[in-house]
Amino acid sequence: MTSTTNLSTGLTAGHRERLMRVAREVSFDTGTRIFEEGRRADRFWIVRTGTVALDLPVPGGRAAVVESLGHGELIGWSWHFPPHVWHLGAEATSPVRAYEFDAEAVRAMCAGDPEFGRAIADWVGRVVAHRLHASRIRLLDLYAPYGSGSRM
């Protein structure tokens, strides 16, 4: 993916380097639930390898997958906005290696350096807008009488 939601194109090299200083490497096996909607959002991840499905609970049915994330993409944005509660769920659909970040530490970095904070807020905001659009399209495809009329 080459959109601005990807880490490599979403932040300048300097801001990426600064963010990566507080990263730790983690891995998730296929089928691992990374987070659940409604739970506390105290961390986030950037995918190194593998695929993660973002899903939305559907009353009386299986969760609807609204987007799949891969290399360089941000897993989770709810950590950045109060009340810091997940708005979607996430599951590893293949073995995943990722960088994990402590949300409180990154928010403190943002507060301490307004330029860095603006860059992170802009990047996360673009991710939110993209995910909202992707969720809307996917839900229309699943539940609207004639689908969304566009392809994802």
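Reader: In which order do the four strands of the open sheet stand?
Author: In this predicted model, local features need pLDDT of at least 70 and side-chain atom pairs pLDDT 80 or more, whereas totals for chains, interfaces and linings use all residues. Numbering runs from 1 along each chain as its sequence is written, and side-chain values rest on heavy atoms, without hydrogens or water. The strands (DSSP E runs of at least two residues, numbered from the N terminus) pair in the antiparallel sense, pairing requiring at least two DSSP bridges, and their order is β1-β8-β3-β6.

Reader: Which strands are left without a neighbour on one side, and why?
Author: The sheet is open. Two of its strands have a single partner each, so one side of each lacks a neighbour in the sheet; these edge strands are β1 (24-28) and β6 (74-75).

Reader: Which residue of β6 is the bridge partner of Trp45?
Author: Strand β3, spanning residues 43-49, is joined to β6 by two bridges in an antiparallel arrangement. Across from Trp45, the bridge partner in β6 is Ile75.

Reader: Is Glu100 buried or exposed, and what is its relative accessible area?
Author: Glu100 lies in strand β8, residues 96-102. Glu100 counts as buried (under 20% relative accessible area, with a 1.4 Å probe and protein chains only), because its value is 9%.

Reader: With which side chains does that of Glu100 make polar contacts of 3.5 Å and 2.8 Å?
Author: A polar contact here is a pair of N or O atoms within 3.5 Å, one able to donate a hydrogen and the other to accept it. The side chain of Glu100 reaches that of Arg43 at 3.5 Å, and at 2.8 Å its polar contact is with the side chain of Trp45.

Note on methods
Buried means under 20% relative accessible area, exposed over 50%, partly exposed in between (1.4 Å probe, protein chains only).
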